[in-house]
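Q: I'm new to reading protein structures, and I'd like a close look at a single part. Could you walk me through it in plain words?

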Amino acid sequence: MEKYTEQEYLYIRGYLITDNRGERPFNVHSHWREFEFGTDSEFVIYFDPKNQIEYLCVDQIYILLMGTFMNTETGCMDKEVLINEMFGCLEYGEKEFFDYVNILGGRHIIVFSRNGETKLITDCTAMRSTYYYTREGTCYVSSHYNMIHDIVQTEEHPFFETYRKYKKTRYICVSLPGDMTPWQDIRLLIPNHYLVLKNNSIKRFF
């Protein structure tokens, strides 16, 4: 059985995606793997080896998968088969791609690009938590909002302290409404929305 130190349990099964391909971020554990992707390797994903990724790139189209997947119509859970089926749909267009994604179960993220714009989506209920930095300039997407905050050191959201002191949530775990996190400029990617990695904007697709 693989053993972790107490520090290594921080951000366990986590990941970080960025277009800053310089020095490895200080809060990325040394045992995490690193994988560059994109038509010109413009992005890098750091990830706990407890995660597994699948990647397919041909010309200007690519797809990266992380997590668990199941085609609910066929029962197939083989990511190599599924990514090839997804790729065939994406070659036709995003409508066909999203129609295919609609039949997928699991807990995962999908990064895909067609016509030069890279987007990220989660599973249909966003069980695979995904947080992103909202300011334009540098892309940071992670499984943990504090992993992004470690790097960008954004201010605490002004609403967070008020909400934390609210009498009905004082003694229970604080779960913020909507896409909020405790930090300004760091948001949760909510279901049925995609994130454009180059400008950190979101758009609803279902």
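What is the order of the strands in the open sheet of six strands that includes E4, and is the pairing parallel or antiparallel?

A: Happy to, and keep in mind that this is a predicted model. The order of the strands in that open sheet is E4-E5-E6-E7-E11-E12, and the pairing is antiparallel. Strand E4 (53–58) and strand E12 (201–204) stand at the edges; each has a single partner strand, so one side of each has no neighbour in the sheet. Going from one strand to the next, the twist averages 20°.

E4 and E5 run antiparallel and are joined by six bridges. If you want a spot to look at, find glutamate 54, which stands opposite leucine 65 in E5.

Now for the helices on this sheet. H1 packs on the sheet and touches E4, E5 and E6, and its direction makes about 130° with that of E5. H2 packs on the sheet too, touching E5, E6, E7 and E11, with its direction at about 165° to that of E6.

Helix H2 covers residues 94–101, and its buried residues are Phe97, Phe98, Tyr100 and Val101. Look down the axis of H2 and those buried residues fall within an arc of 155°, so they line one face of the helix. Here's a handy bit of background: an α-helix has 3.6 residues a turn, so residues three or four places apart point the same way. As for what that face meets, the buried residues of H2 pack against strand E5 (61–71), helix H1 (79–92), strand E6 (104–114), strand E7 (117–122) and strand E11 (193–196).

Next, move along to E6 and E7. These two strands pair in the antiparallel sense over six bridges.

E7 itself is well tucked away: five of its six residues are buried, so E7 is largely enclosed by the rest of the structure. E7 also pairs with E11, again in the antiparallel sense, over two bridges. To see where they face each other, look for leucine 120, which stands opposite leucine 195 in E11.

A search of the whole structure finds zero disulfides. Take cysteine 57: its sulfur is 17 Å from the closest cysteine sulfur, in cysteine 139, which is too far for a bond. Cysteine 57 is partly exposed, with a relative accessible area of 31%. Cysteine 89 is in no disulfide either, and the nearest cysteine sulfur, in cysteine 76, is 13 Å away. Cysteine 89 is buried, with a relative accessible area of 19%.

So, to trace the sheet on your screen, follow the order E4-E5-E6-E7-E11-E12, then find H1 where it touches E4, E5 and E6, and H2 where it touches E5, E6, E7 and E11.

Notes
Residues are numbered from 1 along each chain as its sequence is written. This is a predicted model: local features need pLDDT of at least 70, side-chain atom pairs count only at pLDDT 80 or more; totals for chains, interfaces and linings use all residues. Side-chain values use heavy atoms; hydrogens and water are left out. Buried means under 20% relative accessible area, exposed over 50%, partly exposed in between (1.4 Å probe, protein chains only). Helices (H or I, at least four residues) and strands (E, at least two) are DSSP runs, numbered from the N terminus. The arc is that of the directions from the helix axis to the C-beta atoms. Contact means heavy atoms within 4.5 Å. Two strands pair if DSSP finds at least two bridges between them. Axes are lines fitted to C-alpha atoms, for helices over the stretch in contact, and angles run from 0 to 180 degrees between N-to-C directions. A disulfide is a pair of cysteine sulfur atoms within 2.5 Å.
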